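I opened this entry to keep track of what I looked up, in the order I looked it up. The structure goes in first, then the notes.

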Amino acid sequence: QVQLVESGGGLVQPGGSLRLSCAASGRIFNINAMGWYRQAPGKQRELVATITSSSSTNYGDSVKGRFTISRDNAKNMVYLQMSSLKPEDTAVYYCNADVAISRYISNIYWGQGTQVTVSS
């Protein structure tokens with residue numbers, strides 16, 4: 001199967017920066033879109049950013065201009081550079097990928113999540 005493993009979360013002060021990484025491994029034929037979602041306590045999971053295999057990007061309104069998503073197709077990795085962080089960015093951040101495990105079969109996979117806390 002396919003595993004997604006996030007890293008890079010932690011505690012950061014308001015206005016600070018943090019970079020999240022997500023590595024995909026396992027039975028991978030090709031990776032289509034990849035993305036980041038987040039879920040704060042008591043709230044629904046929401047889109048942060050997505051990136052296609054050709055590096056077209058899409059961002060949630062609350063992070064536009066502050067976060068940047070990128071990917072390394074050779075390493076099967078996706079990154080999220082977060083800047084100008086705010087307390088309301090505090091959440092568990094999940095990596096997501098649309099992975100083709102063969103020419104004809106693809107599935108959506110999720111990582112286990114990494115905690116980001118923005119606090120002074």
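For secondary structure I use DSSP runs numbered from the N terminus: helices are H or I runs of at least four residues, and strands are E runs of at least two. The model is predicted, so I note its limits: local features need pLDDT of at least 70, side-chain atom pairs count only at pLDDT 80 or more, and totals for chains, interfaces and linings use all residues. Residues are numbered from 1 along each chain as its sequence is written, and side-chain values use heavy atoms, with hydrogens and water left out.

**Entry 1: the chain**

I looked up the strand count and found zero helices and 11 strands in the protein chain. The order along the sequence reads β-β-β-β-β-β-β-β-β-β-β.

I then checked the radius of gyration, taken over C-alpha atoms, against the globule rule of 2.2 Å times the number of residues to the power 0.38. The protein chain has 14 Å, which agrees with the value near 14 Å for a compact globule of 120 residues. The C-alpha trace spans about 50 × 25 × 25 Å along its principal axes.

For surface I used Shrake-Rupley areas with a 1.4 Å probe, where for residues only the protein chains shown count as cover. The accessible surface of the protein chain comes to about 6,400 Å², and 47% of it belongs to carbon and sulfur atoms. I call a residue buried under 20% relative accessible area, exposed over 50% and partly exposed in between (1.4 Å probe, protein chains only). By that rule 42% of the 120 residues count as buried.

Contact here means heavy atoms within 4.5 Å. Of the contacts between residues at least 6 apart in sequence, 54% join residues at least 24 apart.

**Entry 2: the core**

I define a nonpolar core as a set of buried Ala, Val, Leu, Ile, Met, Phe, Trp, Tyr and Cys residues joined through side-chain atoms within 4.5 Å. Which members of the largest nonpolar core touch the most other members? They are Trp-36, Leu-80, Met-82 and Tyr-93, out of 31 residues. Strands that each supply at least two residues of this core include S3 (18–26), S4 (30–39), S5 (46–51), S8 (77–82) and S9 (91–100). S9 gives the largest share, five residues.

I looked at Ser-21, which lies in strand S3. Ser-21 counts as buried because its relative accessible area is 14%. Beyond its neighbours within four places in sequence, Ser-21 is in contact with Val-5, Glu-6, Ser-7, Trp-36, Met-77, Val-78 and Tyr-79.

Val-48 lies in strand S5 and is buried, at 0% relative accessible area. With neighbours within four places left aside, the contacts of Val-48 include Trp-36, Leu-80 and Tyr-93, and also Asn-58, Tyr-59 and Phe-67.

**Entry 3: two positive phi values**

Where is Ser-55 found? Ser-55 sits in the loop between S5 and strand S6 (57–59). Its phi is near 70 degrees, a positive value in a residue other than glycine. Ser-55 counts as partly exposed, at 41% relative accessibility.

Asn-76 is in the loop between S7 and S8. The phi of Asn-76 is near 55 degrees, again positive in a residue other than glycine. At 24% relative accessibility, Asn-76 counts as partly exposed.
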